[in-house]
Amino acid sequence: MWTDDAREKYRTITHAYPSSMSDGEWAVVEPYFPSPAATAAHGLLRGKDMLHPMRRIVSAIFYVLRNGVTWRALPLDFPPWQTVYYWFRRFARAALFERLNAVLVALDRVQSGREAQPTAAVVDSQTVKATEAPAPRDYDANKKLTGLKRHALVDVDGRFLIIGFSTARLHDSVGAAALLRAARIQCPFLELTWAD
């Protein structure tokens, strides 16, 4: 609902996109991203001389992921796409997004009155159409779709714990088994898992 407080909050956000984080959201995730004093590599400036604030780089990454645009299609008010892509690859290789997801899930569970770590989960899969050539496309005879299959392990409230992708041909039981193997490491407190 648009109240005076809400209008003031959104009026003060500059360069805001729907994928942009509020100050409160950034305060929660900022400690998990490199600070400007972190050593950068590959010719990027470091320390206080870093050319682009980490918040703008993270906002640009979220913009690409949320809107599905190519890196080169980033709006010009973001840092250069090469810089954003460099940091995205660095974060992905370090599994930063997976660690951040685990922290956010734990915080949300505690806020809703549950234990931080889930003891029960639900595993399921879904076949989705994929038209891009690099995607691992295949034919799912059961769903009669050409595309890829996403496998998800969620807690009982629906928070994502682990997500995996495969070709559509892969049987659900094989994908679920892979998720459960990964869950032994990422979610060690799981005692019970449901599947449809």
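Analyst: Along the sequence, this predicted model runs through the pattern α-α-α-α-α-β-β-β-β-α-β. That comes to six helices and five strands. The protein has 196 residues, and 34% of them count as buried. Its accessible surface is about 13,000 Å², with 55% of that belonging to carbon and sulfur atoms. As for how the chain meets itself, take the contacts between residues at least 6 apart in sequence: 54% of these join residues at least 24 apart.

Now to the lysine you asked about. Lysine 149 sits in strand S3, which spans residues 145-155. Its relative accessibility is 5%, and because the cut-off for buried is under 20%, lysine 149 counts as buried. Where does the side chain of lysine 149 reach? It comes to the backbone oxygen of leucine 170, at 3.0 Å. Valine 128 is worth a look too: 21 residues separate valine 128 from lysine 149 in sequence, while their C-alpha atoms are 6.1 Å apart in space.

Serine 19 belongs to the loop between helix H1 (4-11) and helix H2 (23-29). With a relative accessible area of 11%, serine 19 is buried as well. Which residues does serine 19 contact, leaving aside its neighbours within four places in sequence? They are Ser59, Phe62, Tyr63, Arg66 and Asn67. So on your screen you can compare a buried loop serine with a buried strand lysine.

Methods
Residues numbered from 1 in each chain as written. Predicted model: local features only at pLDDT ≥ 70, side-chain atom pairs only at ≥ 80, totals over all residues. Heavy atoms only, no water. Helix = DSSP H or I, 4+ residues; strand = E, 2+ residues; numbered from the N terminus. Buried < 20%, exposed > 50% of the residue type's maximum accessible area, 1.4 Å probe, protein only. Contact = heavy atoms within 4.5 Å. Polar contact = N/O pair within 3.5 Å; in protein donor to acceptor, adjacent residues only side chain to side chain. Areas by Shrake-Rupley, 256 points an atom, 1.4 Å probe, with all protein chains shown as cover.
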